[in-house]
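Please examine the sequence and the three-dimensional model shown below before reading on.

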Amino acid sequence: MGDFDLSAQVASLKFPLHIFYGENDPFGRAWADKTRAAFSSATIDFQMIPIVGTLAG
């Protein structure tokens with residue numbers, strides 16, 4: 001999405017948020033952590049789902 005960044009806008013949102021990502025997700029844990037950090041005022045439930053995502057091979 002290029003330089004499209006909503007971090008400043010979502011930082012002030014205060015609501016429960018669930019972030020789920022697959023263990024083998026091609027975006028990886030780094031993307032999930034960055035998303036979590038962007039919602040700095042929200043109450044977050046953060047969970048990795050084992051054996052989910054794209055496997056190479």
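**Basis of the values**

The model is predicted, and local features need pLDDT of at least 70, side-chain atom pairs count only at pLDDT 80 or more, and totals for chains, interfaces and linings use all residues. Residues are numbered from 1 along each chain as its sequence is written, and side-chain values use heavy atoms, with hydrogens and water left out.

Helices (H or I, at least four residues) and strands (E, at least two) are DSSP runs, numbered from the N terminus. Strand S1 covers residues 16–24 and runs parallel to S2, to which eight bridges join it; strands are taken to pair if DSSP finds at least two bridges between them. Within this pairing, His-18 stands opposite Asp-45 in S2, and Phe-20 stands opposite Gln-47 in S2. Together, S1, H2 and S2 form a right-handed β-α-β unit. Right-handed here describes a crossover in which, with the strands pointing away from the viewer, the path from the first strand over the helix to the second runs clockwise.

Several residues of these elements can be located by C-alpha separations. Ile-51 lies in strand S2, which spans residues 43–53. Ile-51 has a positive phi of about 55° although it is not a glycine. Thr-54 is found in the segment after S2, and its C-alpha atom is separated by 5.6 Å from that of Asn-24, 30 residues apart along the chain.

The partners are Asp-33 and Arg-29, whose side chains meet at 2.8 Å, N to O. Because Asp-33 and Arg-29 are four residues apart in helix H2, about one helical turn separates them. Side chains of opposite charge can pair when their charged atoms come close.

Trp-31 also lies in helix H2. The C-alpha atoms of Trp-31 and Tyr-21 are 9.2 Å apart, and these residues are 10 residues apart along the chain.

**Exposure of selected residues**

Buried means under 20% relative accessible area, exposed over 50%, and partly exposed in between (1.4 Å probe, protein chains only). The residues discussed above are classed as follows.

| Residue | Relative accessible area | Class |
|---|---|---|
| Phe-20 | 44% | partly exposed |
| Arg-29 | 42% | partly exposed |
| Trp-31 | 42% | partly exposed |
| Asp-33 | 31% | partly exposed |
| Ile-51 | 70% | exposed |
| Thr-54 | 57% | exposed |

**The largest pocket**

On a 1 Å grid over the protein atoms alone, a pocket is an open set of points where a 1.4 Å probe fits, with protein on both sides within 12 Å along at least five of seven lines; lining residues have an atom within 4 Å of a point. About 480 Å³ of space lies in the largest pocket, a volume being the space filled by probe spheres set on the points, which are joined across faces, edges and corners.

The lining of the largest pocket consists of 13 residues, of which Phe-4, Asp-5, Leu-6, Ser-7 and Thr-35 lie nearest its centre. Helix H1 (7–10) and helix H2 (28–38) each supply at least two residues of this lining, and H2 gives the most, with four residues. By type, the lining residues divide into seven nonpolar, three polar and three charged. For this division, Ala, Val, Leu, Ile, Met, Phe, Trp, Tyr, Cys and Pro count as nonpolar, Asp, Glu, Lys and Arg as charged, and the others, Gly among them, as polar.

Technical notes: Salt bridge = Lys/Arg side-chain N within 4 Å of Asp/Glu carboxyl O.
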